[in-house]
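Please take a moment with the sequence and the 3D view before reading on. The paragraphs below are meant to be read slowly, with the structure open beside them.

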Amino acid sequence: MGPIMDDGRPIFIQIAEKIEDDIIAEGLPEESQVPSTNQFASFYQINPATAAKGVNLLVDQGILYKKRGIGMFVATGARETLIEKRKEQFYEQYVITMVQEAKKLGITIDQLTDMVRRGDET
């Protein structure tokens, strides 16, 4: 676990995204146990209810599931689900904005593609 950034977003959202990041990076493989809300609360020095809210957000999305009396676990297929979700967010947040700005500037798709390739070389 790494530090939670205080970027103005609710802490429970940051907790959920940290768990998502760990699942995508395979630091939390499918069917592995997730740290408890008390562990998150202690590590990040936050209220356990706030940590639980972040974890429950992922339960509601089917990313995590509860084994009664044992804890929370990463659901089968969670990594692929998260990757697809993040790809769609990437498209909506970056690609659409980039294409709209390119159109304003008269940049063609070919020129834009060349720019992306050039950016990949750095």
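The model is a predicted one, in which local features need pLDDT of at least 70 and side-chain atom pairs count only at pLDDT 80 or more, while totals for chains, interfaces and linings use all residues. Residues are numbered from 1 along each chain as its sequence is written, and side-chain values use heavy atoms, with hydrogens and water left out.

We begin with helix α1, which runs over residues 11-24; helices here (H or I, at least four residues) and strands (E, at least two) are DSSP runs, numbered from the N terminus. Helix α1 has 14 residues and reaches 20 Å from its first C-alpha to its last, close to the 20 Å expected at 1.5 Å a residue, where the expected span is 1.5 Å times one less than the number of residues. The buried residues of α1 are F12, Q14, I15, A16, K18, I19, E20 and I23, and buried means under 20% relative accessible area, whereas exposed means over 50% and partly exposed lies in between (1.4 Å probe, protein chains only). These buried residues of α1 pack against α2, α3, β1, β2 and α4; contact, in this text, means heavy atoms within 4.5 Å.

Q14 counts as buried because its relative accessible area is 5%, and its side chain reaches the backbone oxygen of R9 at 2.8 Å. Such a polar contact is a pair of N or O atoms within 3.5 Å; within protein, one must be able to donate a hydrogen and the other to accept it, and residues adjacent in sequence count only if both atoms are side-chain atoms. E20 is also in helix α1 and counts as buried because its relative accessible area is 3%. When its neighbours within four places in sequence are left aside, E20 is in contact with L58, Q61, L82, K85 and R86.

Beyond the helix, α1 is followed by E26, whose phi is positive, near 65°. Most residues other than glycine have a negative phi. In the loop between α1 and α2 lies E31, which also has a positive phi, near 70°, and is a residue other than glycine. E31 counts as partly exposed because its relative accessible area is 36%. Further along, in the loop between α2 and α3, we find Q45, another residue other than glycine with a positive phi, in this case near 55°. Q45 counts as exposed because its relative accessibility is 73%.

We now reach helix α3, residues 48-60, whose 13 residues reach 18 Å from first C-alpha to last, close to the 18 Å expected at 1.5 Å a residue. Its N-terminal end is capped by N47, where a side-chain oxygen lies 2.7 Å from the backbone nitrogen of A49. P48 lies in this helix and counts as partly exposed because its relative accessibility is 37%; neighbours within four places in sequence left aside, P48 is in contact with T37, N38 and A41.

Which residues of α3 are buried? They are A51, G54, V55 and L58, and they cover an arc of only 90° around the axis, so they sit on the same side of α3. The arc is that of the directions from the helix axis to the C-beta atoms. An α-helix has 3.6 residues a turn, so residues three or four places apart point the same way. The buried residues of α3 pack against α1, α2 (37-44), β1 (64-67) and β2 (71-74), whereas A49 and D60, on the other side of α3, are exposed. Just after α3, G62 takes a positive phi of about 80°.

Finally, we turn to the largest pocket, which holds about 170 Å³ of space. Its lining is made up of I13, A16, E17, E20, D21, L57, Q61, K85, R86, Q89 and Q93. On a 1 Å grid over the protein atoms alone, a pocket is an open set of points where a 1.4 Å probe fits, with protein on both sides within 12 Å along at least five of seven lines, and lining residues have an atom within 4 Å of a point. Grid points are joined across faces, edges and corners, and the volume is the space filled by probe spheres set on the points. Helices α1 and α4 (78-105) each supply at least two residues of this lining, and the largest share, five residues, comes from α1.
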